[in-house]
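Colleague: Please pick one part of this model and take me through it closely. I want its dimensions, its surroundings and the cross-links that follow from there.

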Amino acid sequence: MSARGRSAPGRFGRALAAVALAAAVTVGIASCSLLGGNSNVPVATAKPATGTDGAANFDGGYVSAGNGAKKVDLWFDAMCPVCGAFEKTNGATLANAVKDGSITLRLHPLTFLDRESNGTGYSTRAAAALACVAVHDPSRVLDYYQALFANQPSEGSNGLTDTELAKRATDLGITDIAGCIDRSGPYQAWAQANTAHSQSGPITVDGKKVLDTIQGTPTVLVNGKQYTGSISDEKEFAGFLGR
């Protein structure tokens, strides 16, 4: 949901936004817009992480789950309600395909909805937390990605604290990442650099240009081909995925 859809103040504005989201999801054309202001957004000051480490391919802009031949690339923001709707409908399809060895799921976390978390930089911190798991407990990337959308914080909230982000990992038996989510650290800087690149482009997958820029989230590609169907139609997406 873009900031442009949040013009009405207070409870009435939130109600209108919720209705707009529901309507957009119903017709399957919804995405969270990357356009909007950047006021009150904390900026990471470290040098962005590079290279590969565990399940993180920092140069490629993603963390991965699975090792299947079919490549699925998913650009998302942890605070994007449409990403949450996509995960609710299609998450099990993707998870099953990861677990049975059909796909490699490459998750590209973006941070544009930092502007909607009251100055806490939630999207950046959630992206860094996912990177922490990818580095320190590579086999649990999918589990933690799913945990980010369990009781997903809403736009306009503070999001989860660093302590709460770490607890979502330890509650699942994932390595403690409490000391890894550093506001000025390289993983936060990496996530913000990814977001800047998503707007400047070009977007490449395995060295091949697939898009000029990322227009909104979720954006999903299967072997470099973009899914343009309904995010709320599980059968349509499963057919596109080849399930």
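Modeller: Take α6. This helix has 15 residues, and from first C-alpha to last it reaches 21 Å. That is close to the 21 Å expected at 1.5 Å a residue, where the expected span is 1.5 Å times one less than the number of residues. Helices (H or I, at least four residues) and strands (E, at least two) are DSSP runs, numbered from the N terminus. This is a predicted model, so local features need pLDDT of at least 70 and side-chain atom pairs count only at pLDDT 80 or more, while totals for chains, interfaces and linings use all residues. Residues are numbered from 1 along each chain as its sequence is written, and side-chain values use heavy atoms, with hydrogens and water left out.

Next, burial. Buried means under 20% relative accessible area, exposed over 50%, and partly exposed in between (1.4 Å probe, protein chains only). In α6 the buried residues are Tyr187, Gln188, Ala189, Trp190, Ala191, Gln192, Asn194, Thr195 and Ser198. Their cover includes the strands β3 (56-57), β4 (62-65), β6 and β7, along with helix α3. After α6 comes Gly201, with a positive phi near 65°.

Now the helix partner. α3 spans residues 122-136, which is 15 residues. Its first and last C-alpha atoms are 21 Å apart, close to the 21 Å expected. α3 is mostly covered, with 14 of its 15 residues buried.

How do the two helices pack? The angle between α3 and α6 is about 115°, and their axes lie 8 Å apart. Axes are lines fitted to C-alpha atoms, for helices over the stretch in contact, and angles run from 0 to 180 degrees between N-to-C directions. The crossing of α3 and α6 is right-handed. A crossing is called right-handed if the near helix is turned clockwise from the far one by less than a right angle, and left-handed if anticlockwise.

Contact means heavy atoms within 4.5 Å. From α3, the residues that meet α6 are Thr124, Arg125, Ala127, Ala128, Ala131, Cys132 and Val135. From α6 come Tyr187, Gln188, Trp190, Ala191 and Gln192. Spacing in such lists is worth a note. An α-helix has 3.6 residues a turn, so residues three or four places apart point the same way.

Cys132 leads on to the disulfides. A disulfide is a pair of cysteine sulfur atoms within 2.5 Å. Cys132 is joined to Cys180, with 2.1 Å from S to S. The angle about that S-S bond is -95°, and the link of Cys132 and Cys180 is left-handed. It connects distant parts of the chain: Cys132 sits in helix α3, and Cys180, 48 residues away, sits in the loop between α5 (162-170) and α6 (186-200). Both Cys132 and Cys180 are buried.

The whole structure holds two disulfides. Cys32 and Cys80 are joined too, again at 2.1 Å from S to S. Here the angle is 95° and the link of Cys32 and Cys80 is right-handed. Cys32 lies in strand β1 (residues 32-33), while Cys80 lies in the loop between β5 (70-77) and α2 (81-99), 48 residues apart. Cys32 and Cys80 are buried. Counting bonded cysteines along the chain, the pattern is 1-2, 3-4.

Cys83 is buried, with a relative accessible area of 2%.

Last, charges around the strands. A salt bridge is a side-chain nitrogen of Lys or Arg within 4 Å of a carboxyl oxygen of Asp or Glu. The whole structure has seven. One pairs Asp206 with Arg106, whose closest N and O atoms are 3.1 Å apart. Asp206 is in the loop between β7 (203-205) and β8 (208-211), and Arg106 is in strand β6, 100 residues apart. Asp206 is exposed at 61% relative accessible area, whereas Arg106 is buried at 4%. Lys209 pairs with Asp212, with 2.6 Å between the closest N and O atoms. Lys209 is partly exposed at 49%, and Asp212 is exposed at 53%. Elsewhere, shared partners join Asp73, Arg106 and Asp206 into one salt-bridge network.
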